[in-house]
Amino acid sequence: MAAETRNDAFVAFERVQKSYDGVTLVVKDLNLSIGKGEFLTMLGPSGSGKTTCLMMLAGFETATNGEIRLDGQPINQVPPHKRGIGMVFQNYALFPHMTVGENLAFPLEVRGMGKSDRDDKVKRALDMVQMFSFINRRPAQLSGGQQQRIALARALVFDPKLVLMDEPLGALDKQLREHMQFEIKHLHERLGITVVYVTHDQGEALTMSDRVAVFNDGRIQQLATPSDLYERPENSFVAQFIGENNKLPGTIEELSGDKALVRLQTGELIDATPVNVKQKGAATLVSIRPERVEFKPEMMPPGAHMIDAEVLEIIYMGDILRAVLRVAGSDEFVMKMRNTLGQTKLVPGQKIKVGWHPQDARALDP
Amino acid sequence: MKKLLALSTALTVVGFAARAEVVVMSWGGAYGEAQTEAHVKPWSAASGIAATMVDSDNPAPAVKAMVEAGNVTVDVASLEYADAIRLCDEGMLEPIDVASLPAGADGTPAADDFLAGAVTECGVSTDIWSNVFAFDSSKITGTVPTTAADFFDLEKFPGKRGLKKGAKAVLEFALMADGVPAAEVYNVLNTPEGVDRAFAKLDTIKSDVVWWEAGAQAPQLLADGEVTMTTAYNGRIFAAAINEGKPFQIVWDGQVYENEMYAIPKGAPNKDAALEFIKYATSTEGLRAQAQHISYGPARKSALKEELIFKDGKTVMAPHLPTAPENMGNALETSSDFWVDHDAELNERFQAWLAQ
Amino acid sequence: MAEATDPVTQTALLTTADGRPLKTALAEAQAKARRRAFLLVVPLILFVIMTFLIPIGYMLKRSFEHDGFASSAPAMVAWFAANPDFDPTNPPEEAYAALVSDLARMQVEKTTGMAGTRINYSVPGTISLFKGGARAAKNLTPPFKEALLAVDAEWGRPALWRGMQSASHVYTAEFYLVASDRKLTDDGWARGGDKERIYLYLFFKTFLISGIITFLCLLLAFPVAHLLATLPMAKSSLLMIFVLLPFWTSLLVRTTSWIALLQEQGVANDLLVALGLITEEGRLTMMYNMTGTIVAMTHVLLPFMILPLYSVMKVIPPSYARAARSLGATSWTTFRRVYLPQTLPGIAAGSLLVFILAVGYYITPALVGGADGQLISNLISFHMSKSNWSLAAAIAAMLLASILLLYWLYDRLVGIDRLKFG
């Protein structure tokens, strides 16, 4: 998926800004293009501007500045009901006074569709989420997961080109949430629709999306595929927000192309890949994923630096073992080890050396 | 449950009895105040028995409710004449023997001193009040209304009329305005044709009438300029004219007056003290004292022998009282017998007429 | 397998650790909790019984029970019981004999007023008739018929005899007949004349005006409640204070201020004249008529509509409207199909509340109603003050019955459990 290069964007935000009070901007200069058939997730902490972006796209909020285009047409002035965008809400927003069938027929009815066509489409949409037998129930008689499916079916029943989902799984328990993630993903693949999905759950974002836009402070911090996002965060916010990371502050000692030598505050030298540091002597924050930390010299590339560490605590987590280490003056350095048969047993107090591949240590902005 | 009710009733009764306080229930407002100042306070000071005044919109239903519930907390009630008769007939009032009332200041025995009808089986008159009509002399200049017929003459005196919303006194007034002599009014009204005649007279001004219900509304309507003339209780107009300096003038022609009665509810906790209170209040001095506070006439001949001066110290009361000879030219005393018999019937008719 | 599928046998065999049957133990444990819970509501139950059920029961009893005549005229009661089919146009001598003996007894027992009042309810003019009859009774000699008719020919009226026959029963439907505009004539109960019928008309008018007031309240309250539910907290609290302000002012003060505002020489008319919209002579009559009643009562009852609506609207998430819009509905369709149906419980509760309160209001119509703004409650109040409590009770009972009917209808159509009062 090479969405970055696509110029026939299906949805496009261009220099979009939004302010509620005329004093502060909640969305600052947003540029984003979403391709046809893409599953794009807006991820970010609450207040980061992601939901505002979704509401502007749906038409419930107006952009203070900039243009939003859908399929090439500017839609800033188009009222929500004429945008033809399906939407799934966090609390499902199923009309409590209508049955499941009536809920699904509603968008078809307001479009003036005849009764038999309506019944047809409703049946197909319900079959799609395996809920046809519930057609005469009221929303209150359904479980959370069932309501979620109906909400999904309702957002899809009128064949929208674009479907927006605002934290749709937020109210479900963990197991059901994971199950629904797959179901939504499969529906997306099967129907070929474009989905813009908002969540603050990074696991959900990584599992489902073609691309993820990480929002913070009204800006997109990084727009990338899940693997790029996880493995190649472009700044320290993304590195910290996605997954778990060890942070080691230091300064650039040497900088040559894609290699950097970083002197930590405690004096040790480590290898790292420079990401957004520009020059020698600059302060940096080196980020290393816990599962990429090694303590066996034989696993390390030749010539790689290894530094001293002391085991503080071993936490047994079943599939993995989690070692909390003291490294370069930090007591929060974490190393994850696979819980295999032959795994070396570490004990608290043990002195070891740890290291990593230089490309796994990313020297980011401090 | 019954026991509980009885217990609570008993406790209340004990509470009141222990206080040994005479409770007088009256109409509140300027009237209640007059009775408080003229009767309740001085009697309490003279007898040494505590006495209080409580207000009510109309004491008669309250008395009936108390007597029926067997929980009487009032010793003396100020009742309209017809109500005093009716409640007495229903056995809800203590009988009062006229012979027990004090003689007049000039020594005339009570039975002779009181005006005719002022003492009944269960009640003693505290005053005579009247339904009159009044106008604003600053609005109607030149020819002023002088007769009941003028009230119904929209051509001579254009403008809205205020009328009490009720059959009593209004039907009599209409008949007198229609030329029926006072002495004949109830004979006429006792026939279906007479009733039709009264309503026909009211029909002539019906679309120009603003109806009032509470006594205070009438002078207010006149003061607001909502009506050019209104019927009213004479004391209310007097109070507005003398106390507030309003240019209101009363027309006494066609007045309908009646006695207001003090009575003792059956089962009153301080029956004997209540009777003492009534003796005091309806003595020559008691009646004169009240007439110095409000322009309702005393019901004893002896009380009118000396000139009455209003509490302001200068207004001579005589011309303002319904019982003044010059005001009695064309006056009618309410017939309690008639209204006891026909109140409900004529009021239904009146309501139906209003709604038409 | 058979035991396993039979839960009754299963549980019956279960015991607690100390060997008591589980069911008994459970019942005991729960009984204690239930008893405690019941004790908590006992004061409320007693309160409701004493202040609500007993008075209403008393009122209902009052509406069909009156012993004013039955208890004071034993001879007549006996005679009527023995001769239920007598000819009221010409009662026999024994009947007059019984009547005269009862009149004499009334004079002694001072029950004339009571008996006369009772008959007067259906045959006007009889209180003085009874008084005169009772005074003369002890001097009358047979034949009593001629003797009594000589005292007053009215004693021969068939309507009077019908009235006495009816009053000889302690329990009677007479008050309900009167409250339905029936009159006792010489030929029995009949519909009252055109100039006398008032109750059914006033019932109808009361319901009509209450309906209009309810509708106006709904019209005015809906946007206000919506605003209350959607405004930010600080602003909605302020607005709520304005809504509740009338509750903190006396009803009389509010009613009289409407008089000052709307009367012919009032503020509203002065303003219109000053603006030149109407002439001095053309001042509008907005007070002392039905308009005044409707305006003042709509104002007085408005909060009772706003509050239930508000409580319902407050919990309708804005996402419903958004969902409807995203599904392609115009804002009007969204309102009609999605928002309005969800406010129905509030509309129903508010309307029921306002309607029932309006039906029973009497202070406001009494003060501002004028000639045609009178409601049925004003007549209840009139009969209360005139000591005809039974008739007042009968009208009130009819009012109560019609409101219960309304409740029943509502339950059938909407379902009482969907009411939401806030």
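The structure is a predicted model, in which local features need pLDDT of at least 70 and side-chain atom pairs count only at pLDDT 80 or more, while totals for chains, interfaces and linings use all residues. Residues are numbered from 1 along each chain as its sequence is written, and chains are lettered from A and ligands numbered from 1 in the order in which they are written.

## Chain B as a whole

The secondary structure of chain B consists of 14 helices and nine strands, where helices (H or I, at least four residues) and strands (E, at least two) are DSSP runs numbered from the N terminus. With a radius of gyration of 21 Å, close to the 21 Å that the globule rule gives for 356 residues, chain B is as compact as a globular protein of that length; the radius is taken over C-alpha atoms, and the rule is 2.2 Å times the number of residues to the power 0.38. The C-alpha trace of chain B spans about 65 × 50 × 35 Å along its principal axes.

Of the 356 residues in chain B, 55% are buried, a residue being buried if 20 or more other C-beta atoms lie within 10 Å of its own, exposed if 12 or fewer, and partly exposed in between, with C-beta atoms placed from the backbone. Among contacts in chain B between residues at least 6 apart in sequence, 74% join residues at least 24 apart; two residues are in contact if their C-beta atoms, placed from the backbone, lie within 7 Å.

Helix α13 (residues 284–291) of chain B is mostly covered, since seven of its eight residues are buried. Among the buried residues of α13(B) are Leu287(B), Arg288(B) and Gln290(B), and the buried residues of this helix pack against α2, β4 (123–136) and α12 (271–281) of chain B.

## Domains and chain contacts

Chain B is divided into domain 1 (2–128 + 259–324) and domain 2 (130–258 + 329–355), with bounds that come from an automatic or database domain assignment. The C-alpha centres of domain 1 of chain B and domain 2 of chain B lie 27 Å apart, and 17 residues of domain 1 of chain B are in contact with 14 residues of domain 2 of chain B. On the domain 1 side, the elements that give two or more residues are α2 (29–47) and α4 of chain B, and α4(B) gives the most, with four residues.

Two pairs of chains touch, and the pair with the most contacts is chains B and C. This contact takes 31 residues from chain B and 33 residues from chain C. The elements of chain B that give two or more residues to its side are α3 (59–69), α4 (81–89), β6 (209–212) and α14 (336–355), of which α14(B) gives the most, with 15 residues. No contact, by contrast, joins chain A and chain B, whose closest C-alpha atoms lie 45 Å apart.

| Domain 1 of chain B, touching domain 2 of chain B | 10 residues | five residues | two residues |

## Features of chains A and C

In chain A, six strands form an open sheet of mixed pairing in the order β6-β7-β8-β3-β9-β10, two strands being paired if DSSP finds at least two bridges between them. β6 (85–88) and β10 (219–224) of chain A stand at the edges, each with a single partner strand, so one side of each is left without a neighbour in the sheet. Neighbouring strands of this sheet are turned by 20° against each other on average, direction ignored.

β6(A) pairs with strand β7 (residues 162–166) of chain A in the parallel sense over four bridges, and Val88(A) stands opposite Met165(A) in β7(A). Helix α4 (residues 144–156) of chain A packs on the sheet, touching β6 and β7 of chain A, and its direction makes about 170° with that of β6(A); axes are lines fitted to C-alpha atoms, for helices over the stretch in contact, and angles run from 0 to 180 degrees between N-to-C directions.

Tyr92(A), found in the loop between β6 and α2 (100–109) of chain A, has a positive phi of about 70° although it is not a glycine, and Tyr92(A) is buried, with 22 other C-beta atoms within 10 Å. Ala93(A), in the loop between β6 and α2 of chain A, has a positive phi near 55° and is buried, with 27 other C-beta atoms within 10 Å.

In chain C, a cis peptide bond with omega of about -5° joins Pro142(C) and Pro143(C), and Pro143(C) lies in the loop between α6 (126–137) and α7 (144–151) of chain C.

Definitions and conventions
Nonpolar A, V, L, I, M, F, W, Y, C, P; charged D, E, K, R; others polar.
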